[in-house]
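Trainee: I would like to learn how to read a model like this one, feature by feature. Can we go through it together?
Mentor: Gladly. Here it is.

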Amino acid sequence: MSVLQVQDLKKTYGKIQALKGVSFEIPEGAVFGILGPNGSGKTTMLSIILDVLNADSGSYSWFGQPASPDLRKHIGSLLETPNFYHYLSAVNNLKITNSISGRGDAAAIEAVLHKVKLYERRDSRFSSYSLGMKQRLAIAAALLGDPQILVLDEPTNGLDPVGIMEIRELIIELSKKGHTIIMASHLLDEVEKVCTHVAILKTGTLITSGSVEDVLVDEDIVEIGAADLEQLKHVLSNYPGATSTTFNAQTIQLHFPKGTASAEAMNRYCFNNGIALQYLSIKKKRLEERFFELTNN
Amino acid sequence: MLHLLRTEWLKLKNYPGFWWLMGMTVLSYPGINGMFYFVYKTETSNSKQAAQLLKMLLGNPFEFPEVFRTAAFLSSCFVTVPALLVIMLITNEYTYKTNRQNVIDGWSRNEFLIAKFFNVVIISLIVAALYSIVTLSIGFINTGADVKDKFQLANYVGLFALQTFAQLTFAFLLGLLIKRAFIALGVFIFYKIPVENISAELLKKYVHPEAGRFLPTESSDLLTPVPAFLGRFDPKVYDYSLSIINQQVFITIAYLLIFWGLVFWIYKKRDL
């Protein structure tokens with residue numbers, strides 16, 4: 001079942017077309033990464049599905065139902081920047097989150113503050129927090145009451161490396177418990193590590209979306225190495241099915257159409273041609289590489 | 001509705017700015033009325049001829065029932081302080097972007113505005129209560145037992161409350177439109193004092209002698225006419241100002257409907 005269905009969303013700011021008819025679905029239990037360069041429309045899209053921006057056209061639905069405030073109460077969200085009352089403490093800000101959403105209670109507030117490591121500073125004013133602490137409080141607010149759906153816009157903004165790792169582990173833990181997480185991020189490495197699905201936006205257009213596996217793998221790459229690299233080059237020059245070949249200092253990479261490469265066949269081919277391979281691996285593209293390919297950066 | 005009020009209370013109860021402005025509001029109403037009352041008492045209480053002449057001229061504006069009208073007029077001059085409070089309540093939400101967070105967390109846009117509407121109502125009621133306390137205090141201190149119909153002008157409590165609510169609503173609308181507290185307050189004062197007074201005079205001169213009383217804040221300003229002693233300088237104008245009060249009530253209510261209608265419409269259409 002789809003948690004969120006987005007249909008042909010369009011949004012303009014004056015002459016700027018921020019979203020140009022974006023459609024996708026997010027399956028239940030997915031960790032859905034939304035990627036895109038600055039200005040690609042990620043935050044605009046999240047703002048629309050959280051009802052702080054009005055779409056020019058298009059629609060979206062949560063669990064097949066039209067969006068409503070009551071549905072939003074069950075979604076933990078961090079959008080763009082931590083938005084809290086500067087003069088209130090962490091506890092008092094979370095009491096407001098609780099009062100509006102109905103998520104959690106006094107014990108849950110303490111629990112989430114422990115979880116994001118803000119408990120010791122729970123009574124300090126928000127204005128006295130560092131950027132990382134503000135972000136932690138925003139994550140605490142999103143986690144309050146253990147909502148089944150989380151919308152996190154750049155959740156690791158302002159966090160130190162330990163904080164980033166903690167958020168990564170938290171997302172993986174929540175995913176294992178069956179939560180659906182929708183996450184916009186610039187950190188491709190993080191997305192690659194935690195996301196099951198991904199959508200890539202560029203200047204308001206959805207370039208691709210699907211499971212991480214499907215998005216990353218557009219071809220098979222076999223990387224091989226041998227003691228005599230020159231002879232290996234010669235032998236592979238006529239290897240059937242390869243679409244291109246890349247030569248590195250120690251290895252050679254052969255590119256094949258998706259799903260056609262066979263490590264076993266290549267090993268046998270090389271052996272039959274008098275070459276004993278020292279190294280053979282079927283490689284995946286890194287998300288970073290694929291992202292740059294798709295966004296032409 | 002109660003949960004909206006509870007949430008607003010959570011926002012305000014630990015906000016120093018709110019208590020400072022509330023304190024200023026609480027002090028300013030007794031302050032302005034008390035000041036005029038003591039000036040009046042000082043100037044008219046001695047036995048010199050000039051003092052007695054002044055007393056004859058002024059009458060006793062702080063005696064029941066006239067004190068209702070006098071205190072309403074004097075108090076209406078201090079609407080700027082609660083106006084700043086109201087402006088701050090909405091502009092703070094924009095400054096901290098908490099208005100969008102409230103919606104993200106599960107309020108509808110209408111619920112956010114209904115909560116603010118109740119804030120404005122409650123502040124208006126507090127101001128009206130202050131006016132009532134000051135009026136009754138001064139009235140009872142200053143009125144002899146022989147005076148009948150002490151509460152003949154008690155309807156001014158309602159008129160003052162309506163006037164305050166209308167003017168604070170206008171301040172709220174400006175805060176919502178402008179989003180910056182001090183600019184909104186500046187526009188509020190600038191509009192109320194020079195712009196509307198000049199506009200009223202121009203309308204009176206070039207359009208219709210009565211057109212000025214239909215302006216947004218002038219309409220509610222006219223709910224509390226000048227005290228009777230000032231009316232003696234031009235009895236015709238004074239009598240006219242008393243005669244139009246009921247009409248001004250309807251005009252003010254119409255403006256209230258327009259202002260709140262605009263507030264809800266703008267907030268629905270606007271990106272947060």
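Trainee: How much of residues 71–90 of chain B is helix, how much is strand, and how far apart are the end C-alpha atoms?
Mentor: Keep in mind that this is a predicted model. The chain is 85% helix and 0% strand over residues 71–90 of chain B. The end C-alpha atoms of that stretch are 29 Å apart.

Trainee: Which residues of chain B does the UniProt annotation "transmembrane region" cover?
Mentor: The entry is unreviewed, and its annotation covers residues 20–40, 71–90, 117–141, 153–178 and 249–267 of chain B. Take residues 20–40 of chain B as another case: the span is 100% helix and 0% strand. Its end C-alpha atoms lie 30 Å apart.

Trainee: How many helices and strands are there in chain B?
Mentor: Start with the general idea. An α-helix has 3.6 residues a turn, so residues three or four places apart point the same way. Now the case: chain B has 13 helices and zero strands.

Trainee: What share of the residues of chain B is buried?
Mentor: 38% of its 272 residues count as buried. Check the contacts too. Among contacts in chain B with a separation of 6 or more, 82% are between residues 24 or more positions apart.

Trainee: Why is helix H4 of chain B described as largely enclosed?
Mentor: Count its buried residues. Helix H4 (residues 66–76) of chain B has 11 of 11 residues buried, so the rest of the structure largely encloses it. Among them are B:Glu66, B:Arg69 and B:Phe73.

Trainee: Which helices do the buried residues of H4(B) pack against?
Mentor: They pack against helix H2 (16–44), helix H7 (109–142), helix H8 (155–178) and helix H11 (228–231) of chain B.

Trainee: On to chain A. How is it divided into domains?
Mentor: Domain 1 of chain A takes 1–74 + 148–216, domain 2 takes 83–138, and domain 3 takes 218–284. The centres of domain 1 and domain 3 of chain A, taken over C-alpha atoms, are separated by 38 Å.

Trainee: In what order do the four strands of the open sheet in chain A run, and is the pairing parallel or antiparallel?
Mentor: The general idea comes first. Strands of a sheet pair through backbone hydrogen bonds, either parallel or antiparallel. Here the order is S2-S1-S4-S5 in chain A, with antiparallel pairing. Strand S2 (16–27) and strand S5 (65–66) of chain A are the edges, each pairing on one side only. Inside, strand S1 (residues 2–13) and strand S4 (residues 57–62) of chain A are joined by five bridges. One pair to find is A:Leu4 with its bridge partner A:Trp62.

Trainee: Which strands form the open sheet of six in chain A?
Mentor: The order is S6-S7-S8-S3-S9-S10 in chain A, and the pairing is mixed. Strand S6 (75–78) and strand S10 (205–211) of chain A are its edge strands. From one strand to the next, the twist averages 10°. For a parallel pair, go to strand S3 (residues 31–35) and strand S8 (residues 180–184) of chain A, joined by four bridges. There, A:Gly33 has A:Met183 as its bridge partner.

Technical notes. Residues are numbered from 1 along each chain as its sequence is written. Chains are lettered from A and ligands numbered from 1 in the order in which they are written. This is a predicted model: local features need pLDDT of at least 70, side-chain atom pairs count only at pLDDT 80 or more; totals for chains, interfaces and linings use all residues. Domain bounds come from an automatic or database domain assignment. Two strands pair if DSSP finds at least two bridges between them. Helices (H or I, at least four residues) and strands (E, at least two) are DSSP runs, numbered from the N terminus. UniProt positions are given in the numbering used here, feature names are shortened, and annotations may be inferred rather than shown by experiment. A residue is buried if 20 or more other C-beta atoms lie within 10 Å of its own, exposed if 12 or fewer, and partly exposed in between; C-beta atoms are placed from the backbone. Two residues are in contact if their C-beta atoms, placed from the backbone, lie within 7 Å. Axes are lines fitted to C-alpha atoms, for helices over the stretch in contact, and angles run from 0 to 180 degrees between N-to-C directions.
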